[in-house]
Amino acid sequence: MADTELIRQMFRDLLTRNGDLDPFSDDEGLFSAGRLQSIDGVEMVVFLEEKFGLDFARLGFDPESIDSVSATAALVARQG
Amino acid sequence: MTWGELRLIPPLETYPRAVAVVQTPAGKLVMLAAFIALLSLVSPAWVPVGSFLVLASLVPSDHRRALVAAGTVVWAFLWPASAGEPAVMLAGQALVFLFAGLMYAASRRFSRSPLLARPVALLMVLITAYLAVVGARPGLFPQVGLAWAVAHALCSYQWFIGYALLDRFASPGEPVWKQLGTFAPFWGSTATPFPKGAANWRKIETRTPEALAVTQLKGLKLLLWCVLLHFIHRGYRWAAFHSLGILSISDAFRAVANDAPLSVGASWASIVGSFFERLFELTVFGHTIVGCCRMAGFAALRNTYRPFEARNVADFWNRYYYYFKELLVEFFYYPTFLRYFKRHPRLRRIFAVFATVFFGNIYFHFVRDDHWIQKIGFLAAVRQMDVYAVQCMMLAVAISFSQARRAPSRGKSWLQERVFPLARVLVSYCLMFAFVDEEFLVPLRVHVRFFARLFGLNT
């Protein structure tokens, strides 16, 4: 639960940084909808590495796995 | 929505009545007729594309992918774009489709095998090695033979195969025929897939009649905007290159090569004029494809989106040619960023930018322009990339800087927030245009002399 809130906050920060203050749901694909860009994906990768110790070089990286809050939370839960 | 659309094209997809009407047979017919009429103004392939769009609008949504796959087969095998002996070209296409299907299936089945752990890198190595062999020297293999037919097909489909390989972890996995069905769909593509692989298609595919109606109205709106831009572009071209007599960038390079006098003002006019010319071309081209993709029932993002709202060079690149930028990011940036210099954050980003914008960009264009390898041989074609390498280096440096400068914009005036950053971006891109020469008309030293003339220097 706390992990999901951290992830949600990170998505909120990325959107705010881009001037996007619209609400979003946990299941909304923010990258595939064009609200976040690949450079934001890099920020998300760094965040997941630092906060949750994920190593994408070992896991393999699928951009779909960080497309939404729920997809990212599921990824973290699988690796936790 | 852009300024032009805000004034000229109403947001049809937000009107419940319009969404309801285009779900009726008569409404759908009128919308398709309007779309195809607009398409005829910007696309020479409007008859076959329009026919498939009509079919895609009529079939139930669970058969749409099969229809698009059929369209891909028609385009690849019944109406191939490549020049050459038809039977041989078709054989080359068929072999590459077979290779792609086998490689995709193997990458899913044997994902833990060391050989297939990085299938996209393996694909690039295989294609480069193949080109090095068939292009070892000009004329080694017959120009219209099977060896070159396979080479052309490999180069045309490389990134479609690449996206299929990236999809190997997608859940649920896409069957081989759906992956092959995305290889240069009937609505058009270049070597850059519009949009991406089958897993992405699944995500953006409309599944209800209402979602289809909304997406198709967005497609119609985009195509209408595209047609308006097409005519503005024609006016611009006449005004800039005919009426004002601005030299095209190719003519400016030739003038410098021939030691003809070219003032600082004329040099700048040439690169600025050509930059906007390129922007118009790419926007109209991308909007046509994405408009058709939406009309076929896929809610694809635009290729060019509000480029003049960019705040930095990286942002402009993203807004100017989205699908190419995505391709480079997915095939070069992420793999590099995730593996190298993880303990050195700044170096990690810069290295990934150079791997993408410098190496990736050069590699993409080298393989895309395989006709040069055929004509002058592999090594000469590599050497010929020197001009483009300078442009890629400039872009890589500019993007590295723009990423480092990415900062919150609180407390800035409108000029500081919007105008100055955009001016910096446009000047940066215009300077890079001094090294844009896709037909390799003049050697690097001429480009350097042209670049120097922009600053009043004669070398």
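Guide: The residue to begin with is L48(A), whose place is in helix α2 (residues 38-52) of chain A; helices here are DSSP runs of H or I with at least four residues, strands are runs of E with at least two, and both are numbered from the N terminus. The model is a predicted one, in which local features need pLDDT of at least 70 and side-chain atom pairs count only at pLDDT 80 or more, while totals for chains, interfaces and linings use all residues. Residues are numbered from 1 along each chain as its sequence is written, and chains are lettered from A, with ligands numbered from 1, in the order in which they are written.

L48(A) counts as buried because 21 other C-beta atoms lie within 10 Å; the term asks for 20 or more such atoms, whereas 12 or fewer make a residue exposed and counts in between make it partly exposed, with C-beta atoms placed from the backbone. Leaving aside neighbours within four places in sequence, L48(A) is in contact with L54(A) and V76(A), where contact means that the C-beta atoms, placed from the backbone, lie within 7 Å. From C-alpha to C-alpha, L48(A) is 13 Å from E5(A), although 43 residues separate the two in sequence.

From here the view can move to where the chains meet.

Within chain B, an automatic or database domain assignment gives domain 1 (43-204) and domain 2 (222-453). The C-alpha centres of these two domains of chain B lie 26 Å apart, and their contact takes 35 residues from domain 1 and 28 residues from domain 2. On the domain 1 side, at least two residues each are supplied by α4 (46-58), α5 (64-78), α7 (119-134), α8 and α10 of chain B, with α8(B) giving the largest share, 8 residues.

The largest nonpolar core has 144 residues, and F35(B), L53(B), C293(B) and A296(B) have the most contacts inside it; such a core is a set of buried Ala, Val, Leu, Ile, Met, Phe, Trp, Tyr and Cys residues joined through C-beta atoms within 7 Å. Helix α8 (residues 146-166) of chain B gives this core its largest share, 15 residues. Domain 1 and domain 2 of chain B both give residues to the core, so it lies between them. Setting aside residues up to four places away in sequence, C293(B) touches W187(B), F194(B), P195(B), F298(B) and A300(B).

Key: Contact = placed C-beta atoms within 7 Å.
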